[in-house]
Amino acid sequence: MTSHFMSVLRQAFKTFDRANLASFNANLQHLKQLTDELTYRDLHIKEELFRDDVTNVARAPCSYMHIFEDERFSMSLFIVRGNNSIPLHDHPMMYGLLRCIWGKLHVQSYSQQLATDEPLLYDMNPTLVKVTAEEPSLVTADTSSALLTPRKRNYHQITHAGSGIAAFFDILSPPYDANMPIYGPRRCRFYRPKSDGDQLQLQCIPSPASYYCDWTQTPDSVLQCVFMCATEAYGANVTDVQ
């Protein structure tokens, strides 16, 4: 089993446990530090997964590997091929870490324009969102993880920036589809930038037809780590683990 991945997983349980809210910022920083050191080897992934020339089978623009999800957080892996991208989308009222483990990725992020004391609300049917464009970043296996928060960088587009394949591991909390009081399940929406004079806005659009994923199998050793850590967190009852 991979001890470093288990350290990341255990720290994620600790960070997003509501009982540890008082130390959330310190725990999140520690989780980021651990995630910054994660490699594809820690996930027991073979390099062949990042080489489409191994088979002659046509692949989707992106592949998705499900690693873990409960009501607190989710972990997954995305593989981006060729000149494709994960289109501009939102992370409503979520925290996230994006760790590139193969290739190069260009991340263009946006932050909603909110006053410091303005409450954060969930818009069930957004049309236009006033935003500020953040400095673009290039993430690789040699750079630190990209961080998003409910107020900063929580709209982004992830584009393959090199040749061949790029891949990233991510942690999101709470996960998409997690239920929110009053609002119901949290949804992922897609956008395109739009200028109104000097004001930059994001216009909500349907999911682009060019974006779709196939699935790739999660290594058994990783699933064993997940089960072990979930058992530690939940005790004997692990029925909420997906």
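What follows is a short chat about aromatic ring pairs in a predicted model.

Colleague: How many aromatic pairs does the structure hold?

Modeller: The structure, which is a predicted model, holds 16 aromatic pairs. One of them is formed by F13 and F68, whose rings sit edge-to-face, with 5.4 Å centre to centre and 65° between the planes.

Colleague: Why those two numbers, a distance and an angle?

Modeller: A pair of aromatic rings is described by the distance of the centres and the angle of the planes.

Colleague: OK, and which parts does the pair of F13 and F68 tie together?

Modeller: F13 belongs to helix 1, which covers residues 3–15, while F68 belongs to strand 1, which covers residues 62–69, so the pair ties together parts that are 55 residues apart in sequence.

Colleague: Is F13 buried or exposed? And F68, buried or exposed?

Modeller: F13 is buried, with a relative accessible area of 6%, and F68 is also buried, at 1%.

Colleague: Switching topic, what kind of pair do F50 and W102 form?

Modeller: F50 and W102 form a stacked pair, with 4.7 Å centre to centre and 25° between the planes. F50 lies in the loop between helix 2 and strand 1, and W102 lies in strand 4, so this pair ties together parts that are 52 residues apart in sequence.

Colleague: What are the relative accessible areas there?

Modeller: F50 is buried, with a relative accessible area of 4%, whereas W102 is partly exposed, with a value of 24%.

Colleague: Last one: which residues do ring pairs link into a cluster?

Modeller: Ring pairs link F13, F16, F24, F68, F73, Y95 and Y234 into a cluster.

Terms used. Residues numbered from 1 in each chain as written. Predicted model: local features only at pLDDT ≥ 70, side-chain atom pairs only at ≥ 80, totals over all residues. Heavy atoms only, no water. Phe/Tyr/Trp six-rings, centres within 6.5 Å; stacked < 30°, edge-to-face > 60°. Helix = DSSP H or I, 4+ residues; strand = E, 2+ residues; numbered from the N terminus. Buried < 20%, exposed > 50% of the residue type's maximum accessible area, 1.4 Å probe, protein only.
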